[in-house]
Amino acid sequence: MDSPDPPRPKRTAFLLSQLGALASARFAERTRELGLTPSDAGVLRLLGRTPGLSQRSLADRLGAVPSRIVPLIDSLETRGLVARVRSSADRRNYELRLTAEGTKVLGALRGIAERHEAELLAPLTNEQSAQLGLLLARLASGHALDTDLHRDTSRE
């Protein structure tokens with residue numbers, strides 16, 4: 001009598017990686033429609049939630065070296081989406097704030113993100129989507145990840 005096949009090893013990490021790559025690529029396509037990169041979108045989202053961050057604080061939150069943040073902010077400032085405002089608390093520093101145009105673009109990004117998530121989760125029921133969200137949040141918390149942003153794990 002043949003024995004049943006042994007259970008296949010779980011490939012959860014592999015599947016998470018595949019889905020993460022798919023989600024990232026599709027989000028990049030969508031942000032490109034607004035002339036943004038995913039990094040631009042992340043900075044706008046973060047500044048929308050925490051206006052007044054310094055470039056140094058922003059770099060720390062993103063897990064990036066400050067020299068990588070300067071050209072990103074320069075580009076957003078040139079496009080009229082972010083303004084550097086002299087800090088009233090420390091005149092040596094600048095606070096980063098969204099401009100009116102930056103706030104408008106952030107609103108468009110919210111719509112893109114909602115459509116993106118709906119498309120990605122379309123194969124699941126509402127209950128399954130909710131359960132997946134809870135499980136992913138638990139995993140993120142267990143690994144001390146910030147659920148609001150992607151950190152740069154490749155520091156120079």
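**Figure 1. The surface of the protein.** In this predicted model, the protein exposes about 11,000 Å². As for the residues tucked away from the surface, buried ones make up 26% of the 156 residues.

**Figure 2. The order of helices and strands.** Let's walk along the chain. The secondary structure comes to 6 helices and 2 strands. The protein is more spread out than a compact globule, because its radius of gyration is 19 Å, well over the 15 Å that the globule rule gives for 156 residues.

**Figure 3. The box around the protein.** Picture a box drawn along the principal axes: the C-alpha atoms fill one of roughly 80 × 30 × 25 Å. Now consider contacts in the protein with a separation of 6 or more: residues 24 or more positions apart account for 55% of them.

**Figure 4. Helix 1 packed with helix 5.** Two packed helices are described by the angle between their axes and the distance between those axes. Here, helix 1 (residues 12-32) and helix 5 (residues 100-120) pack at an angle of about 145°, and their axes lie 10 Å apart. The crossing of helix 1 and helix 5 is right-handed.

**Figure 5. The residues where helix 1 meets helix 5.** Helix 1 makes the contact with Leu22, Ala23, Arg26, Phe27, Arg30 and Thr31. From helix 5 come Leu109, Ile112, Ala113, His116, Glu119 and Leu120. Which kinds of residues form this contact of helix 1 with helix 5? They divide into 7 nonpolar, 2 polar and 3 charged.

Definitions and conventions:
Residues are numbered from 1 along each chain as its sequence is written. This is a predicted model: local features need pLDDT of at least 70, side-chain atom pairs count only at pLDDT 80 or more; totals for chains, interfaces and linings use all residues. Side-chain values use heavy atoms; hydrogens and water are left out. Axes are lines fitted to C-alpha atoms, for helices over the stretch in contact, and angles run from 0 to 180 degrees between N-to-C directions. Helices (H or I, at least four residues) and strands (E, at least two) are DSSP runs, numbered from the N terminus. A crossing is left-handed if the near helix is turned anticlockwise from the far one by less than a right angle, and right-handed if clockwise. Contact means heavy atoms within 4.5 Å. Ala, Val, Leu, Ile, Met, Phe, Trp, Tyr, Cys and Pro count as nonpolar, Asp, Glu, Lys and Arg as charged, and the others, Gly among them, as polar. The radius of gyration is taken over C-alpha atoms; the globule rule is 2.2 Å times the number of residues to the power 0.38. Buried means under 20% relative accessible area, exposed over 50%, partly exposed in between (1.4 Å probe, protein chains only). Accessible areas come from the Shrake-Rupley method with a 1.4 Å probe; for residues, only the protein chains shown count as cover.
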